[in-house]
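Here's a quick briefing to read alongside the model. Take a look at the structure first, then work through the notes by topic.

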Amino acid sequence: MVILLGSIMMLSTQCHKKEATPKAEEPVSEMQQKVEEYAYFNLTTDLSGLSEADRRLIPIFFEIGQIMDEIFWEQTFGDRSVLDTISNPWVKEFAAINYGAWDRMRGNAPFISGYGEKPATANYYPNDLTKEEFDAYENPDKNSHYTVLVRNEDNTLKTIWYHEMYKDKLQRVYELLDKAIAITDNKSMKKYLTERKKALQTDKYYQSDLAWMAMKDTKIDFVFGPIENYDDELNSIKTSYEAFVLVKDEEESAKLDKFVSMLPQMQKELPCEPQHKSFVPGTAADVNVYDVVFYGGDCNAGGKTIAINLPNDERIQEEKGSRRFQLRNAMQAKFDMIMKPIGEIVIEPSEQNHINFDAFFWNVTFHEIAHGLGVKQTINDKGSVDDAMKTENTSWEEAKADIIGLYLVCNLIEKGEITNITLEDAITTYIVGLLRSVRFGAKEAHGIANMMCYNYFEENGAFKRTGNGTYHIDYEKAKEAVDSWIALILKTQAEGNFEFAHQFSKKHGTVGSNLQKDLDRINKAGIPRDIRFRQGLDILGL
C-alpha cells in the first residue's frame, strides 16, 4: 500500500498481509482453548450518583474510546478490517483479543499462518529499520513519543507527527470533544477536555496533563490519547493510543487520602543508599478507587490493566506527583477468577489463608505509588534514568514498582497504617501475584520484571518447594529479600547501568524449568490466563 502525504510518496509500514485469507496453524480445539483462557467480565457500575451531564458525557467518551482503539490497531498491526478476512471464528476472536496475529501472553508467538515474528518496530517505524539506521538518522523529532518514522520513495527516512499521521480519525475526536466540552458543567473537566483537544492537535501534552492533574472534583474520569510505550520494542519510545472511562468510588477513595502526604517520608525510608533516592516526590498527587466501564486500545490488548499511574511526564511527577487509580471492579474479577485459584494450587495449605483480595488491592495500589519513588535522574551525568537504561528501562521500572510496593505495604502494616491485612497476607498474595502475572508472557516488560522478582525471591530463600510441589514461604527471608532487591534496583537505575541491567535481566528474567512445571499445573487446571470484557452502553444500562 502506498500513501500520499503532501508531495512525498511513502511506503506503508503496515505489518499485515492481505494477499491470502489467514488460517489457523493449530486445530480449532486448541485455538478455542486459547480464546477461553480469557474469562468474560461485564464492565458495569452504579451510575445513580452521576449528574445528568455526566451521564450524557459517557456515550461521547465511549465513541472517542473506540477511535483510540482503531488508531491502536493501525499503530501496532494494521487496519482491523483484517478480521473480516478470517473465516475461522476462534482465530478471529483470538486476533481481536490480541489486536493482531501474535499471542501477547505467549511471548508474541504468531498464531496465524503467513506471519513471522512480531516486528520490534510495530508500525512506529519501517519494518526493515535497524537500530543502527535509526541512530544514524539525524532528526531530533525521531525521539519524540509522538512521531512515526516512514520511508520516502527514495528509501530515506521521514518523521511524521501523530496528529498528521492519524489526522482523519482524530478529526472526528475533535468534533466529539467539542460536544463534550459544551455538555460538561464541571470547570475542571471542561478545562481538561479543552487542553486535551489542543494536545491531540499539536502532540504537546504538558498542559493537558497539568489540567488532568488538577481534575479532582469529578465523579467520572476519561484517560485517553497516546500514553504507554510497551509496543515499541525497538526503542521503547513511541506511545500507543488507548482509552479508559472511569466512575469514581468516593467512599473507597476517601480511605486512601492520607497516603499522599506520606510520600516524602516513604521515600526517605527506602532501604538503599541516600544518593539512590534523591528524588523528592510531589504531593499534589492523588490515590483513588474507580470502577472502569470502558477499555480501548493499548490497555485492552492481551493482559488487562487493573491500575493507572499517570502522567508519565517526569517534569509533572517532580512538580506535582502523579495520579494513581485503582480499577477495583477489574481487580476483583482477576482475584476471584485467577489469583485465588492459583494460590490454592501452589501455596501450601497452611498458608493459603493469607491469600485475600484486600492484600491484592494494597499490593497493586502501592505498586502504582512506588512508580513515583526512587530516582528519576542518574547520579553520574548520564541524564534521566529512562534514557540511560535504554531498552531495559521499562522492565526495571516495573520491577522497582513491584518490590517497593510490597515494601511499602509491609512497612505501613508494621506502623499500624494498614490494619485489614497482615504482613504474611501481603507477602503470600504478592508471590501468588507473580505467578499470575508471569502468565502474561516473560518477553513483555511486565513479564520480565515479574521473573526478575520471582527468581530473586527464590534465590534468596523467600520460598521453597515442599515435597508435594507447593510453596512454603519463609517470611523473614522474604523481608530481607525485599530490602536487598530494592537496593540493587535503585543502585542500577541511579547509576544508569544499562550493561548490568541487560545481563541481569537476560539471566534472571526468564522462566526456569521448575517454575514452568508450576505453570503447567496451573494451566492444566483450566484457570483463566486473564479477563476480557463485555462493555458498552447496553451493559452499563445507558
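**Around Ile308**

Leaving out residues up to four places away in sequence, Ile308 touches Val223, Phe244, Leu246, Arg323, Arg324, Phe325, Leu327 and Glu368. Keep in mind that this is a predicted model.

- Ile308 sits in strand S11, which covers residues 307–310.
- With a relative accessible area of 4%, Ile308 falls under the 20% cut-off, so it counts as buried.
- Go from Ile308 to Asn497 and you cover 189 residues in sequence, with 27 Å between the two C-alpha atoms.

**Around Gln535**

- Gln535 is in the loop between strand S15 (530–534) and helix H21 (537–540).
- Is Gln535 buried, exposed or partly exposed? At 25% relative accessibility, Gln535 is partly exposed.
- Setting aside neighbours within four places in sequence, Gln535 is in contact with Leu43, Val293, Phe294 and Tyr295.
- Gln535 and Val287 are 248 residues apart along the sequence, and their C-alpha atoms are 25 Å apart in space.

**Aromatic pairs**

- How many aromatic pairs does the model have? The count comes to 40.
- Take Tyr38 and Phe94: their ring centres are 6.4 Å apart and their planes meet at 65°, so this pair is edge-to-face.
- Tyr38 belongs to strand S3 (residues 38–42) and Phe94 to helix H3 (residues 89–98), so the pair ties together parts that are 56 residues apart in sequence.
- Tyr38 and Phe94 are both buried.
- There's also a cluster linked by ring pairs, made up of Phe259, Phe335, Phe357, Phe360, Phe361, Trp362 and Phe366.

**Charges over rings**

- Lys142 has its charged end over the ring of Phe134, 4.7 Å from the ring's centre.
- Arg532 places its charged end over the ring of Tyr40, 3.8 Å from the centre of that ring.

**Cavities**

- Empty space is found by rolling a probe the size of a water molecule over the atoms.
- Two cavities of 30 Å³ or more turn up here.
- The second largest cavity holds about 30 Å³ of space.
- Which residues line the second largest cavity? They are Phe77, Val82, Leu83, Ile86, Ala95, Gly100, Ala101, Ile112 and Tyr115.
- By type, the lining of the second largest cavity splits into eight nonpolar residues, one polar and no charged.

How values were computed:
Residues numbered from 1 in each chain as written. Predicted model: local features only at pLDDT ≥ 70, side-chain atom pairs only at ≥ 80, totals over all residues. Heavy atoms only, no water. Phe/Tyr/Trp six-rings, centres within 6.5 Å; stacked < 30°, edge-to-face > 60°. Helix = DSSP H or I, 4+ residues; strand = E, 2+ residues; numbered from the N terminus. Buried < 20%, exposed > 50% of the residue type's maximum accessible area, 1.4 Å probe, protein only. Lys NZ or Arg CZ within 6 Å of the ring centre and 35° of its normal. Contact = heavy atoms within 4.5 Å. 1 Å grid on protein atoms, 1.4 Å probe; cavity = no way out; pocket = protein on both sides within 12 Å on 5 of 7 lines; lining within 4 Å. Points joined across faces, edges and corners; volume = space filled by probe spheres on them. Nonpolar A, V, L, I, M, F, W, Y, C, P; charged D, E, K, R; others polar.
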